[in-house]
Amino acid sequence: MSTTIVPGTPGAIPQISQIPEAVIRIAGNSQDGIQAIGGFLARLAGRSEQEVMTFMTIPSTISGGPSIFQVRIGSGEVLSAGDEADMLLAFYQHSYDNHLGSLRKGGVVLYDSDHVKELLPENLSKYRHVGVAISGLTVEAIGGSGRDKGKNVFALGLLARMFDLSVPKLHKLLEERFTGKDPSIVQNALNCFNAGYNYTLATAHELFRLKPGENVGHNQVVMSGNEAIALGLLAAGVRFGAGYPITPWSDIMEMLRRELPKYGGTFVQGEDEIASVSMAIGASYAGRVAVTGSSGPGIALKTEALGWASMAEMPLVIIDVQRGGPSTGMPTSVEQSDLNIACFGGHGDSPRVVLAPSTVEDCFYTAIEAVNLARKYSTPVILLTDQGIATRIEAFPEPDLKKVCQDISPDLSPIADHKPYDLSAADGITRHIAPGTRVASGKYPVVTGLEHDELGHPTGSPKLHIAMTSKRRSKLQKLGRELPVPKVYGPSEGQILLVGWGSAQGPIQEAVKTARAAGEAVSGLHIKYINPLPEGLEQIFEGFRHVFVVELNDEGLYGYGQLAAVLRARYCNPKIRGINKVDGLTWKIREILDRARALAQ
Amino acid sequence: MNSLAFPFVPLNRTGSIPLTPVPSLPDSDRKPLTKKEVSADHPTWCPGCGDFSVLALYFKMIEKRKLWHEKITTVAGIGCSSRFPYFVQAHGAHYIHGRALPFASGISLSRPDLHVFVFGGDGDAFSIGGNHFNHTARKNIKLTYVVMDNQVYGLTKNQTSPTSPLGRKSKTDAWGSADRPINPMKQAISAGATFVGRTSATSPNHVLEMMEAAMDHDGFSFIECLSECVEFFPGAFDAAIPRKGGKFELIPPSHDVTDEYAAYRLSDNPWPGQFGIFYKVNRPTKNASEAKIIADHRAKVTGLADWQILQKNFDRMK
């Protein structure tokens with residue numbers, strides 16, 4: 001049954017259009033290896049000096065279930081995974097039915113005609129249809145075993161032809177991917193790819209050629225946010241970690257478990273979240289900043305220990321890869337609803353540092369900063385990322401590792417005397433000495449969760465509780481004064497300032513560009529240091545009529561999202577309002593602008 | 001964006017105290033630490049509390065075995081007995097309720113040069129920290145855990161504990177505890193502890209003997225030490241105190257400490273049971289297995305600086 005548009009003579013050379021960027025959405029089931037196609041495309045873009053960003057959804061079931069992977073490749077700046085797709089690759093009828101709407105008008109849907117049988121006539125005029133018997137042809141390509149495993153690689157071949165992608169580079173990527181496996185697997189993969197590539201695209205009347213990337217003059221690396229965090233921690237000198245499995249944090253602990261032994265380090269899978277944070281705190285106390293991490297529910301379990309680290313002023317890095325909550329919530333969806341627990345979760349007055357990286361590259365460097373801040377201010381630091389950043393793949397300039405890697409080994413040389421909680425310390429910051437350090441005075445410190453004197457011995461003195469509470473607070477106020485003031489994206493005056501944090505940075509910047517191009521006075525502001533906040537935000541807000549905080553969390557009881565509520569409390573500025581959503585998906589540019597325009601009315 | 005707003009900075013090691021050079025002190029020049037040198041705060045325990053004896057014997061062991069201040073780390077959770085680290089003049093940590101073992105595991109696994117001692121009570125070990133007890137034992141993490149068991153919650157003033165005997169009245173069980181108490185020996189043996197000993201604070205020589213044996217054991221060593229709460233459960237252990245007409249009965253020398261079933265049967269003896277080493281076997285510690293994993297991985301990157309090892313990851317991501 002052929003319902004495809006036949007544009008020209010079969011075999012004729014289709015027209016080739018130059019395009020600056022492409023958004024490709026691949027829709028299938030999670031076991032079809034569609035993430036692998038997306039991964040190949042992203043890596044290829046990285047090697048071709050193009051920018052790339054991906055977005056994926058995975059079902060929270062063990063096997064099966066609809067899943068998508070979207071790749072945006074461009075020769076210019078890529079800030080989001082794209083609102084609309086230029087091409088949809090649909091493996092099944094449900095992929096076709098559910099995702100056709102994500103295609104721009106006139107876009108191309110490439111579908112497996114072995115599975116997609118019902119094409120609505122009104123769609124045929126709206127989108128260009130290209131049907132290929134992907135499943136059947138894959139079986140044919142690998143020798144008729146009757147199984148269509150490998151159809152993802154066949155489809156990759158089709159895409160390579162349609163977008164004129166570099167075949168030698170893709171061959172190399174395929175070989176690298178399957179290196180170490182049975183040689184027949186590599187050969188099968190190449191056969192599938194070549195079959196797809198050489199398939200006569202009689203039905204496609206147009207091929208595309210991506211403009212080459214600008215020669216950026218440096219190597220690019222391609223990875224996910226979770227990988228970047230794990231590698232950042234290694235570069236920062238972290239050599240001990242402990243964690244408990246939970247999606248989407250688990251990738252980080254799995255990678256650290258594999259990698260740390262190479263550096264003489266260890267990652268322990270604890271019996272639970274509390275044990276994990278406790279082991280990490282114990283290792284930090286033993287002399288070297290350690291890491292633990294989790295996602296929402298696990299972070300809640302760690303908060304008593306976090307209170308201890310705040311009280312004992314122990315350096316510690318906690319990674320929170322946020323997901324939809326509360327409770328088990330939406331484990332594989334994007335949400336930014338842990339800001340409150342990160343900043344305020346716990347008992348008593350327990351100040352801590354909260355940082356939120358905005359891109360995959362930022363994940364790498366922020367992990368290092370988290371370690372450095374934990375050390376410098378002797379404090380727990382929470383690194384707040386989200387499911388969106390954790391799983392998306394981006395290319396970024398390869399870091400100069402020789403410069404970036406740091407040694408944070410403890411100094412165990414003997415010391416004359418020591419008071420960890422020294423109230424007269426010039427910088428007001430606690431300094432711990434690790435066990436193993438001889439103190440010549442014979443007076444040894446105790447680290448404790450009880451309110452304490454300067455040596456760590458317990459006290460019930462109201463005077464000391466006041467002094468120590470203030471000490472724990474003031475060091476972070478000092479940090480607040482040292483934080484870089486964020487720069488406004490776009491002009492520093494205008495109608496609307498879109499404020500965001502974490503993964504909202506890219507979509508907000510793209511929204512600003514889009515609005516500016518339409519003549520609207522919109523600017524953006526990204527806040528990376530969430531707790532404490534940097535100084536100077538008040539002056540920035542003055543330049544705008546409206547300040548809209550764009551967050552993936554609920555508007556709350558009083559109409560403000562979590563960061564918006566903090567900003568309102570901090571600045572008492574009625575201009576600050578929220579743009580919130582909790583659909584489990586990242587921001588679309590159109591959504592942000594429509595909501596901002598409506599709110600500004 | 002590839003510059004850090006907060007790059008690595010070397011830290012000053014202490015606040016306002018001037019850093020003066022400290023001459024080295026070879027072990028041969030050092031004398032065993034006296035009680036005066038290793039005691040810190042005066043204990044907050046009630047007069048007559050069994051815990052005093054455990055503390056005194058810890059000091060004695062430090063002196064006898066020539067342990068230096070900086071080489072021991074004393075860790076505790078929450079409870080009367082868990083105040084322990086404040087009374088010891090050495091590096092110490094007073095952590096949260098029930099979680100002393102994972103905290104101590106973090107130290108033990110990252111610092112093989114230290115002796116890690118954990119002290120706590122029955123609530124910490126078997127109630128709020130029950131999960132950690134099982135897993136620390138199972139993983140055989142090298143540290144010594146002394147549980148001062150008084151069969152009651154003392155710090156919070158007389159509530160039922162997981163080791164309170166059936167029928168014991170408390171503020172939370174005015175008509176007597178109805179829940180079967182935990183048998184610490186059975187718990188430890190079945191969880192996979194590789195050193196399981198039992199003693200009583202009223203038999204000081206035996207406490208010292210157990211502590212030394214536990215310290216020398218390569219693995220997770222656990223001692224239950226009966227330690228009377230004179231305030232809320234006086235007379236709890238009279239049956240094991242000879243001067244009160246009881247019997248402090250040692251495990252017969254014929255007991256095979258490597259026989260798990262024999263140890264388990266021994267744990268079932270009627271109250272007050274026997275004292276000594278119930279079970280002791282050698283099984284690889286987690287410390288050793290992690291060290292092996294590290295050695296295997298390090299062998300593949302011999303001669304490379306850390307940044308060069310990391311570079312290999314980045315090369316794969318191009």
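**Notes on the two-chain model**

1. Let's start with the ends of chain A: the C-alpha centres of its domain 1 and domain 4 lie 35 Å apart (domain bounds come from an automatic or database assignment). The contact between them draws 5 residues from domain 1 of chain A and 8 residues from domain 4 of chain A (contact: C-beta atoms, placed from the backbone, within 7 Å). On the domain 1 side, those residues are 3 nonpolar, 1 polar and 1 charged (Ala, Val, Leu, Ile, Met, Phe, Trp, Tyr, Cys and Pro are nonpolar, Asp, Glu, Lys and Arg charged, the others, Gly among them, polar). For orientation, the assignment for chain A reads domain 1 (15-210), domain 2 (222-404), domain 3 (413-482) and domain 4 (488-600).

2. A word on the conventions: this is a predicted model, in which local features need pLDDT of at least 70 and side-chain atom pairs count only at pLDDT 80 or more, while totals for chains, interfaces and linings use all residues. Residues are numbered from 1 along each chain as its sequence is written, with chains lettered from A and ligands numbered from 1 in the order in which they are written.

3. Next, a helix pair in chain A. Helix H1 (residues 34-47) packs on helix H5 (residues 151-162) at an angle of about 35°, and their axes are 9 Å apart (helices are DSSP runs of H or I, at least four residues, strands runs of E, at least two, numbered from the N terminus; axes are lines fitted to C-alpha atoms, for helices over the stretch in contact, with angles from 0 to 180 degrees between N-to-C directions). Ile34(A), Ala36(A), Ile37(A) and Phe40(A) of H1(A) meet Asn152(A), Ala155(A) and Leu156(A) of H5(A). By class, this contact has 6 nonpolar residues, 1 polar and no charged.

4. Glu369(A) deserves a look, as it sits in helix H13 of chain A. Glu369(A) counts as buried because it has 25 C-beta neighbours inside 10 Å (buried: 20 or more other C-beta atoms within 10 Å; exposed: 12 or fewer; partly exposed in between). Beyond residues up to four places away in sequence, Glu369(A) touches Leu355(A) and, across in chain B, Leu4(B), Ala5(B) and Phe6(B). Ala236(A), 133 residues away in sequence, is 8.1 Å from Glu369(A), C-alpha to C-alpha.

5. The largest nonpolar core has 258 residues, and Val317(A), Leu498(A) and Val118(B) touch the most other members (a core joins buried Ala, Val, Leu, Ile, Met, Phe, Trp, Tyr and Cys through C-beta atoms within 7 Å). Helix H13 (residues 360-377) of chain A gives the most to this core, with 11 residues. Leaving out neighbours within four places in sequence, the contacts of Val118(B) include Val75(B), Ala104(B), Leu143(B) and Tyr145(B).

6. Helix H19 (residues 562-571) of chain A has 7 of its 10 residues buried, so it is largely enclosed by the rest of the structure. Among the buried ones are Gln562(A) and Arg568(A). The buried residues of H19(A) pack against helix H12 (339-344), strand E22 (544-551) and strand E23 (576-580) of chain A. Just after this helix, Cys572(A) takes a positive phi of about 50°.

7. Finally, chain B, which has 11 helices and 8 strands, with 46% of its 318 residues buried. Its domain 1 (33-283) and domain 2 (285-318) have C-alpha centres 38 Å apart. Their contact takes 9 residues from domain 1 of chain B and 4 residues from domain 2 of chain B.

Terms used. Two residues are in contact if their C-beta atoms, placed from the backbone, lie within 7 Å.
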